[in-house]
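User: Hi! I am new to this structure and would like to learn how to read its features. Could you walk me through them?

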Amino acid sequence: MARSPVLILLVASALASCAPHARDISPAPISSVRYDGWSCERLRKEKSFVDENLTRISADQDESATHDAWMVFLIGVPTSGGGVKGQVADLKGEQSALQQALAEQGCP
């Protein structure tokens, strides 16, 4: 019975080191100032590009999270290396900055 708490701690620490799902990653702080002077059309095109990339990269991140969960279940160790969480955070930050720039410039 004394092994139970140790086993629980080992499993919990293994799960904690798994790649997070994209929805659980916070956006990187990116200022909308980088988009000063951009036209509404250019801002919309860039936001569309960022949105598409975020969708694709988020799917990759979610795949890493699922893979890690299975590896922890099967061998007790996550193996994805954390996925592409830095890219997800950057793209979420850019998405937010672009949305703010669109609003600041009064773009429809």
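Analyst: Happy to! Let us start with a term: buried means under 20% relative accessible area, exposed over 50%, and partly exposed in between (1.4 Å probe, protein chains only). By that rule, W38 is buried, with a relative accessible area of 17%. This is a predicted model, where local features need pLDDT of at least 70, side-chain atom pairs count only at pLDDT 80 or more, and totals for chains, interfaces and linings use all residues. Residues are numbered from 1 along each chain as its sequence is written, and side-chain values use heavy atoms, with hydrogens and water left out.

User: How many helices and strands are there in the protein chain?

Analyst: Helices (H or I, at least four residues) and strands (E, at least two) are DSSP runs, numbered from the N terminus. Here the protein chain has three helices and zero strands. Of its 108 residues, 32% count as buried.

User: How do I read an aromatic pair, and which residues form one?

Analyst: A pair of aromatic rings is described by the distance of the centres and the angle of the planes. Rings of Phe, Tyr and Trp (its six-membered ring) pair if their centres lie within 6.5 Å; planes under 30 degrees apart count as stacked, over 60 as edge-to-face and the rest as tilted. The whole structure holds one aromatic pair. Its partners are Y35 and W38, 4.9 Å centre to centre with 85 degrees between the planes, which is edge-to-face. Y35 is buried too, at 3% relative accessibility.

User: What sits over the ring of W38?

Analyst: A charge sits over a ring if NZ of Lys or CZ of Arg is within 6 Å of the ring centre and within 35 degrees of the ring normal. For W38, it is the charged end of R42, 3.7 Å from the ring centre.

User: And the disulfide: which cysteines does it join?

Analyst: A disulfide is a covalent bond between the sulfur atoms of two cysteines. In practice, the two sulfur atoms must be within 2.5 Å. One disulfide turns up in the whole structure. C40 is joined to C107, with an S to S distance of 2.0 Å. Since C40 lies in helix 2 and C107 in the segment after helix 3 (85-104), the pair ties together parts that are 67 residues apart in sequence. The torsion about the S-S bond is about -80 degrees, so the disulfide is left-handed.

User: Are C40 and C107 buried or partly exposed?

Analyst: One of each: C40 is partly exposed at 23% relative accessible area, whereas C107 is buried at 13%.
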